[in-house]
Amino acid sequence: MYYLSAAALNRFTASCGTFINIRMMQISAVDFAARKGTREKARKAKVKKVVEKIGFIRHDMRNKDKLKLNLVNKHIDDSWKQVPVDNCWVGKYYKWKVYTTQEAILCHRETHHPTMYNLPNAPLFAHIELNMQAEKITRFVDNFQRMVAVPHKFAHTENRNIIAFAKGQDILKEASDAGATLVGGIELIKEIQSGDLQLSEYPFVLAHPNILPDLVVIRGLLKKSKFPSPRQGTLGTNLAEMIEKFSHGIQYSAEKNEYQKDFGSIVACIGTLEMDVKHLENNLATLLNDVNSMRPKRQGKFITRVLLKSPPSGETLKIDPFLYIPEESKITSKKAAEEVAESDEESETQVKVTMKN
């Protein structure tokens with residue numbers, strides 16, 4: 001079989017008296033497939049993609065439908081329920097029984113008797129529930145952590161190592177006698193700078209104001225949470241009192257619930273069951289007054305409920321905290337009352353506008 005080019009074929013036809021202009025096109029399956037793919041891409045490029053615009057969604061509201069959680073209001077109000085009239089009742093249909101602090105402690109002592117749990121010196125915990133609503137409806141009290149000095153000491157299971165910085169032998173000796181784990185001045189700062197001393201072993205760092213300018217060089221090592229400050233109670237002239245507070249006081253933290261921002265809780269140990277009942281009650285009263293000092297400037301309760309627990313027992317006993325603190329906040333100044341009223345009106349207006357939209 002012979003093949004002729006286009007030019008040769010034209011010359012042949014011209015010699016025969018006819019002229020045929022033939023243009024040969026080389027067509028193959030591969031070229032056709034390439035063009036077909038190019039055409040499909042072009043068609044797809046012409047299709048307009050519609051992007052659905054979504055407004056701003058808070059991080060805690062994203063993928064909320066995927067959680068599938070049964071959210072229940074954590075603020076328990078059983079004031080509408082009946083009071084049981086006998087010694088046997090179904091708990092969910094009646095009010096919680098309210099014990100006095102002394103009765104609750106004696107009940108826990110019975111369950112921890114050697115004939116039962118055999119833990120007569122078990123720790124006693126106060127579970128405090130808070131209404132974290134701030135002055136405005138849309139605002140909430142921030143999480144806070146505090147240390148409160150209690151009138152009656154007890155053994156803590158947590159690390160309470162204290163490092164104290166000061167200048168002057170008299171002040172350092174006073175701090176050492178008060179119970180500080182480690183005391184020192186500029187030499188101690190140099191040891192920390194060189195890495196010979198690890199600050200991770202000391203959860204509490206206290207200081208006298210006379211050494212504060214020298215502490216600036218290790219501010220990065222101390223971090224913001226550990227650097228002495230008057231607001232945290234870790235900077236002051238009375239080192240002995242501060243050391244006593246951080247050695248034997250009650251450390252607690254209030255945290256908002258992740259899904260219900262107006263609900264907060266505190267779990268703090270107020271002593272052990274072998275302590276005197278009056279001593280435990282005094283520690284509890286001191287703790288409640290310190291927590292109540294953080295209440296926002298608004299009407300209503302800040303501490304809503306207090307329960308006493310002592311592991312490993314699952315018994316939960318409710319007490320009345322308003323024997324030790326005022327139940328309702330008293331806004332004394334007229335200006336403060338007007339500010340709260342204005343903020344409430346603004347919040348209500350914002351809520352109404354949101355509901356209309």
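Predicted model: local features only at pLDDT ≥ 70, side-chain atom pairs only at ≥ 80, totals over all residues.
Start by selecting the seven strands of the open sheet, which follow the order E1-E10-E9-E2-E8-E7-E3 with mixed pairing. At the edges you will find E1 and E3, each pairing on one side only. Now zoom in on E2 and E9: these strands run antiparallel and are joined by six bridges.

**Stop two: helix H4.** Next, select H4, which lies across E1, E2, E9 and E10 and runs at about 165 degrees to E10. Show the side chains of Thr101, Ala104, Ile105, His108 and Thr111, which are buried. Look down the axis of H4: its buried residues fall within an arc of 120 degrees, so they line one face of the helix. Their cover includes E1, E2, H10, E9 and E10.

**Stop three: helix H10.** Move on to H10, which packs on the sheet and touches E2, E3, E7, E8, E9 and E10. The direction of H10 makes about 150 degrees with that of E8.

**Stop four: the cores.** Which residues have the most contacts inside the largest nonpolar core? Select Ile128, Leu130, Leu287, Val291 and Ile303 to see them; the core has 39 residues. Its largest share, seven residues, comes from H10. Centre on Val291 and, beyond its neighbours within four places in sequence, you will find it in contact with Ile128, Leu130, Tyr252, Ile266, Phe302 and Ile303. To finish, select Leu188, Ile189, Ile211 and Ile218, which are among the 16 residues of another core lying apart from this one.

Conventions
Residues numbered from 1 in each chain as written. Heavy atoms only, no water. Core = buried A, V, L, I, M, F, W, Y, C linked by side-chain atoms within 4.5 Å. Buried < 20%, exposed > 50% of the residue type's maximum accessible area, 1.4 Å probe, protein only. Helix = DSSP H or I, 4+ residues; strand = E, 2+ residues; numbered from the N terminus. Contact = heavy atoms within 4.5 Å. Arc of directions from axis to C-beta. Pairing = 2+ DSSP bridges. Axes fitted to C-alpha atoms, helices over the stretch in contact; angles between N-to-C directions.
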